[in-house]
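Welcome! Take a moment to look over the sequence and the 3D picture below, and then we will walk through them together.

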Amino acid sequence: MLNWIKQILGLEQSRFIIVGVLNTIIGMTAMFLAYNLFHMGYWLSSAMDYIVASIFSYFANKYFTFQSKKRSAMEVIRFIINIAACYLVAYGIARPVVMTFLKEMDWSVSVMEQISMLFGLGIFIVLNYFGQRYFVFVKKNGLPQ
């Protein structure tokens, strides 16, 4: 299966998917525990996802996915900016969109917020890949490493 993914997507995208799956498991575990066990609410719970998962994501994508050898404070700053921007855009869009489409359903706010979190996660993944590829881990000439 892994070879099939590599053939279709390429090595870098395949690595990003592998890191993404692990990152998603780590982040979603943190997010849903924060929301359901600690009752932290939509924004704080989804933020916990990205605080916990971003630490893993930075190192895994830096060394495994994009194989960046640079040691740069600017790279870390760009990573933080990318994660923050992707988070705010994805979850800022997800909640109102899902709440609008599901408002006629007889579901609790809790269920709709958790669906919003999943939808936000999908948006985040797409934005994050392009942000890391073209903004965070770039060479001097502006192209991905």
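Helices here are DSSP runs of at least four residues, numbered from the N terminus. With that in mind, His-39 has its place in the loop between helix H2 (11-36) and H3. Please remember as you read that this is a predicted model.

**The overall picture**

- The protein chain has 5 helices and 0 strands.
- If you follow the protein chain along its sequence, the pattern reads α-α-α-α-α.
- The protein chain holds 145 residues, and 42% of them count as buried.
- Take the contacts in the protein chain between residues at least 6 apart in sequence: 69% of these join residues at least 24 apart.

**Two loop residues with a positive phi**

- His-39, in the loop between H2 and H3, has a phi near 50°, which is a positive value in a residue other than glycine.
- Is His-39 buried or exposed? His-39 has a relative accessible area of 65%, and because exposed means over 50%, His-39 counts as exposed.
- Gln-67 sits in the loop between H3 and H4, and although Gln-67 is not a glycine, its phi is positive too, at about 50°.
- The relative accessibility of Gln-67 is 38%, so Gln-67 counts as partly exposed.

**Helix H4 from end to end**

- H4 covers residues 73-102, which makes 30 residues.
- From its first C-alpha to its last, H4 reaches 43 Å, close to the 44 Å expected at 1.5 Å a residue.
- Look at the start of H4: a side-chain oxygen of Ser-72 comes to within 3.1 Å of the backbone nitrogen of Met-74.
- A handy idea for reading any helix is that an α-helix has 3.6 residues a turn, so residues three or four places apart point the same way.

**Where H3 meets H4**

- Helix H3 spans residues 42-65, and its axis comes within 11 Å of the axis of H4, with the two crossing at roughly 145°.
- The crossing in which H3 passes H4 is right-handed.
- By class, the residues in this contact of H3 with H4 are 11 nonpolar, 4 polar and 4 charged.
- On the H3 side, the residues in contact include Tyr-42, Trp-43, Tyr-50, Tyr-58 and Lys-62.
- On the H4 side, Glu-75, Val-76, Phe-79, Ile-83 and Arg-95 are among them.

**A closer look at Lys-62**

- Lys-62 is part of helix H3.
- Why does Lys-62 count as buried? Its relative accessibility is 3%, and buried means under 20%, so Lys-62 falls in the buried class.
- The side chains of Lys-62 and Glu-75 are joined by a polar contact of 2.5 Å.
- Leaving aside residues up to four places away in sequence, Lys-62 touches Ser-57, Gln-67, Ser-68, Lys-70, Glu-75 and Phe-137.

**Where H4 meets H5**

- H4 packs with helix H5 (residues 109-136) at an angle of about 145°, and their axes are 7 Å apart.
- H4 passes H5 in a right-handed crossing.
- The contact of H4 with H5 has 25 nonpolar, 6 polar and 4 charged residues.
- Thr-100 belongs to helix H4 and is partly exposed, with a relative accessible area of 47%.
- Between Thr-100 and Met-112 there are 10.0 Å in space, C-alpha to C-alpha, and the two are 12 residues apart in sequence.
- Phe-119 lies in helix H5 and counts as partly exposed, at 38% relative accessibility.
- Which residues does Phe-119 touch, not counting residues up to four places away in sequence? Phe-119 touches Ala-94, Val-97 and Val-98.
- Phe-119 and Ile-93 are 26 residues apart along the chain, and 9.1 Å separates their C-alpha atoms.

**One more residue in H3**

- Ile-51 has its place in helix H3.
- The relative accessible area of Ile-51 is 52%, so Ile-51 is exposed.
- Ile-51 and Gly-27 are 24 residues apart in sequence, while their C-alpha atoms are 8.3 Å apart in space.

Methods:
Residues are numbered from 1 along each chain as its sequence is written. This is a predicted model: local features need pLDDT of at least 70, side-chain atom pairs count only at pLDDT 80 or more; totals for chains, interfaces and linings use all residues. Side-chain values use heavy atoms; hydrogens and water are left out. The expected span of a helix is 1.5 Å times one less than its number of residues. A polar contact is a pair of N or O atoms within 3.5 Å; within protein, one must be able to donate a hydrogen and the other to accept it, and residues adjacent in sequence count only if both atoms are side-chain atoms. Axes are lines fitted to C-alpha atoms, for helices over the stretch in contact, and angles run from 0 to 180 degrees between N-to-C directions. A crossing is left-handed if the near helix is turned anticlockwise from the far one by less than a right angle, and right-handed if clockwise. Contact means heavy atoms within 4.5 Å. Ala, Val, Leu, Ile, Met, Phe, Trp, Tyr, Cys and Pro count as nonpolar, Asp, Glu, Lys and Arg as charged, and the others, Gly among them, as polar. Buried means under 20% relative accessible area, exposed over 50%, partly exposed in between (1.4 Å probe, protein chains only).
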